[in-house]
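Subject: Structure handover

Hello,

Here is the structure I promised you. Please open it first, then read my notes below.

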Amino acid sequence: MVKRTSLHGMWSSRFVFVLAVAGSAVGLGNIWKFPYMAGQNGGGAFVLFYLVCVVAIGLPIMISEIMIGRRGRRNPIATMRIVGEEEGSSPSWGLVGVLGILAGFLILSFYSVIAGWALSYFFLSLGGRFAQATPETIGRLFGGLLGNWQAMAIWHTIFMLLTIAIVARGVERGLEKFVRLAMPGLLVLLLILLVYAVIAADFAAGWKFLFRPDFAALTPGAMLEAMGQAFFTLSVGMGAIMAYGAYLPEGTSILRTSAWVVAADTSIALLSGLIIFPIVFANGLDPASGPGLIFETLPLAFGNMPGGRFLAPIFFGLLVFAAWTSAIGLLEPAVAWSVETHGRSRRVAGIVIGTVIWALGFLTILSFNVLSEFRLFGGTIFDNIDHLASNIFLPLGGLFITIFGGWVMCKNSSADELDLGSGPAYGAWRFLARWLAPAAVLVVFLHATGILGRFGLV
Ligand code: TRP
């Protein structure tokens, strides 16, 4: 077996790799998306099903992605093609990489817009605009941002420029410095907010909403959303983690790294829920209000807690940071591909690809104002972009990746790469990757189409 080396440099240590993967996983998905999705899908049962998906589907797929990435050491398209051929299968596996890069384009296009909201809130909080906040004043503030598409476009543009700037510099120099800082800081701020939620908001109601499952609310659609959320929040299913795995030195435990990242990511999402929902119920807000949820609740906490004046800008600053480290991961696969196949410099590739995604972002911006009445399949354009990417492309990509890791790669290759010997950990991964994860994705897909119900299977 030839050992390849990456063309983009390597992570300088195992710890930095853990930080980079955690930095890509922890982001708006945990703090912005998880609470509003849980709110729209009835709470407890959604949360429970999401947790099951994280462990049974997300974790084995993350392990597979890192493993395949380190084996191939190229961008996701080339990696799947090369390793596919090496394992005596077809080069068409490269198409999975194409699907992933497409998903990355779609996700980053709206991700950057929402990160722009966080950026705008950073400056609003710097200016002390949350002081003595009430649900009405904050509602007006947020409504003002949504109604002003030009302002949203400016914040989106700034965020996209920040992302391109880092990706253009390359993994080691660009990424490492930032991930070291953001994560611990964010955790501290969330813990302070949790104390506020326990003392000053309706913690009991929030807890009940999140952890007392009402299985009647778990519709096939909600199950699909929960599975999509598991993929989204872990950054798996599109080759992003595969691209990061390509820069991972030999001899790092893929299993341990993945387990840490999954645990950290899940804790931060739950923490965020435990902060948001007590505030929602204490203020008579609607848990199902949608993508604006954190922007309508957190300012209430900051506006009314001691020190909130100073903590608010720190929090939103860190949120932008966390979104930034994720956005970098969303852009990296496409840039790595462009550099490797077209021989472009990282700079040119970053700018060209970033500009296309930036333009795509306007569809999301306009979904909240000019085109907010426009409905497709019962949702706005943003809802459709998110649904297509998160709930369809990511699970589909993940399905192919886990089939690839479990079936196409032979036992020798995966055992060699994972380096777990033939112990129970390897056996458990292989069982999940070969059987449970693919079956679960398929069942949820079929269930969402209503087919299982029609045949009386559920
Ligand atoms: N996981 C990120 C978050 O929770 C979002 C995301 C989805 C992502 N897919 C990704 C980030 C791929 C990096 C790479 O905010």
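Start with Y50, which counts as buried because its relative accessibility is 0%, and the cut-off for buried is under 20%. Keep in mind that this is a predicted model.

Y50 has a ring partner, F34. F34 is buried too, with a relative accessible area of 0%. By the ring-pairing rule, the count comes to 36 aromatic pairs. In the pair of F34 and Y50, the ring centres are 5.0 Å apart and the planes sit at 40°, so the pair is tilted. F34 lies in helix α2 (residues 28–40) and Y50 in helix α3 (residues 44–72), so the pair ties together parts that are 16 residues apart in sequence.

Now compare a second pair, F110 and F232. Their ring centres are 6.3 Å apart and their planes are at 10°, so this pair is stacked. The cut-off that matters here is under 30 degrees for stacked. This pair links distant parts of the chain: F110 is in helix α5, F232 is in helix α10 (residues 220–234), and they are 122 residues apart. F110 counts as buried, at 0% relative accessibility. F232 is buried as well, with a relative accessible area of 8%.

Stay with helix α5. How do α5 and α14 run relative to each other, roughly parallel or roughly antiparallel? The axes of α5 (residues 94–126) and α14 come within 9 Å and cross at roughly 160°. Angles over 145 degrees count as roughly antiparallel, so α5 and α14 are roughly antiparallel to each other. The crossing of α5 past α14 is left-handed. By class, their contact has 23 nonpolar, four polar and one charged residues.

- S125 lies in helix α5. S125 counts as buried, at 2% relative accessibility. Leaving aside neighbours within four places in sequence, S125 is in contact with F130, R309, A312, P313 and F316.
- V335 lies in helix α14 (residues 308–342). V335 is buried, with a relative accessible area of 0%. Leaving aside neighbours within four places in sequence, V335 is in contact with V167, R346, A349, G350 and I353.

One last distance to check on screen. V335 and R347 are twelve residues apart along the chain, and their C-alpha atoms are separated by 9.0 Å.

Best wishes

Conventions. Residues are numbered from 1 along each chain as its sequence is written. This is a predicted model: local features need pLDDT of at least 70, side-chain atom pairs count only at pLDDT 80 or more; totals for chains, interfaces and linings use all residues. Side-chain values use heavy atoms; hydrogens and water are left out. Helices (H or I, at least four residues) and strands (E, at least two) are DSSP runs, numbered from the N terminus. Buried means under 20% relative accessible area, exposed over 50%, partly exposed in between (1.4 Å probe, protein chains only). Contact means heavy atoms within 4.5 Å. Axes are lines fitted to C-alpha atoms, for helices over the stretch in contact, and angles run from 0 to 180 degrees between N-to-C directions. Angles under 35 degrees count as roughly parallel, over 145 as roughly antiparallel, 65 to 115 as roughly perpendicular and the rest as oblique. A crossing is left-handed if the near helix is turned anticlockwise from the far one by less than a right angle, and right-handed if clockwise. Ala, Val, Leu, Ile, Met, Phe, Trp, Tyr, Cys and Pro count as nonpolar, Asp, Glu, Lys and Arg as charged, and the others, Gly among them, as polar. Rings of Phe, Tyr and Trp (its six-membered ring) pair if their centres lie within 6.5 Å; planes under 30 degrees apart count as stacked, over 60 as edge-to-face and the rest as tilted.
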